[in-house]
Amino acid sequence: MAPKYYIVKKKILEMIDREEVGPDGMVPSERELMSMFEVSRITAKKAVDDLVKEGYLYRIQGKGTFIKNDTLNQDLVSITSCTEDIAKMGMTPSKQLLAAEVMAADQARMRKLQLCRGDKVFMVKRVYSADNHPLNLTTTYLPCKLFPGIEGYDFGAESIYHVLESKYNTRITKATRTIEAVLAADEVSEILKIDEGEPILLFRAVTLGIVNGKEIPIETFKSYYRTDKLKFYINQVK
């Protein structure tokens, strides 16, 4: 059985992942965590201390503990698929579909994709490999109302962007991406076959496209990249 502090830590990470608390938002105090999860103050403090050390949270003396802001917005990489990126690096790409399901859009997805309460999204989780070595874990969310029947495609084999362009007449235009350094934990370290606590890069993005003559958000995703297998370069145009 996992230590209690580890369970509390995982619950806080889930709050961050679901964006229940936005960037620079305050997380529950140690006393609140004690009440929420029925743990001692020492357990709550250790969970928070670990997340501060790992770069997920930061403290302000006398005010509290906050979610680390990840709003560094730059066009860090071009709008291409992960498969194309790997091929451009001279390696053989492959991908494995881990999960695909239709679900209700949560608050974060409603905000990013400009959806209404009750709207559905199609979630696709895949791991991409280069020369058979896992490189990144990507979870993508697509609005079902824009792409009816999208769940019928096999994204273990097909490209999401190719399907959107060829089957739904969508022209992808631009993306807003953020990047932050985090430490691998739980599922991410297991899937990417790296040690827990190893530094990795986390990309988040909202992709825009032209649908029925209007530019709107068509996709949001997050990608965890191994840093021992990959380097990123930024091309600046003056």
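This is a predicted model: local features need pLDDT of at least 70, side-chain atom pairs count only at pLDDT 80 or more; totals for chains, interfaces and linings use all residues.
I started with strand β5, residues 133-143, and found it mostly covered, with ten of its eleven residues buried.

Next I looked for what sits beside β5. Strand β4, residues 120-130, runs antiparallel to β5, and ten bridges join the two. β4 and β5 make a hairpin with two residues between them. One thing I flagged in that turn is Asp131, whose phi is positive, about 50°.

β5 also pairs with strand β8, residues 214-226; I get six bridges there, again with an antiparallel run. For a reference pair I noted Thr139, which has Lys222 in β8 as its bridge partner.

Then I moved on to the helices. How do the axes of α1 and α3 cross? I took helix α1 (residues 4-17) and helix α3 (residues 41-53): their axes come within 8 Å and cross at roughly 55°. The crossing of α1 past α3 is right-handed.

I listed who makes that contact. From α1 it is Lys4, Tyr5, Val8, Lys9, Ile12 and Leu13. From α3 it is Thr43, Lys46, Ala47, Val48, Asp50 and Leu51. Sorting the residues of this α1 and α3 contact by type, I have seven nonpolar, one polar and four charged.

Technical notes:
Residues are numbered from 1 along each chain as its sequence is written. Side-chain values use heavy atoms; hydrogens and water are left out. Buried means under 20% relative accessible area, exposed over 50%, partly exposed in between (1.4 Å probe, protein chains only). Helices (H or I, at least four residues) and strands (E, at least two) are DSSP runs, numbered from the N terminus. Two strands pair if DSSP finds at least two bridges between them. Axes are lines fitted to C-alpha atoms, for helices over the stretch in contact, and angles run from 0 to 180 degrees between N-to-C directions. A crossing is left-handed if the near helix is turned anticlockwise from the far one by less than a right angle, and right-handed if clockwise. Contact means heavy atoms within 4.5 Å. Ala, Val, Leu, Ile, Met, Phe, Trp, Tyr, Cys and Pro count as nonpolar, Asp, Glu, Lys and Arg as charged, and the others, Gly among them, as polar.
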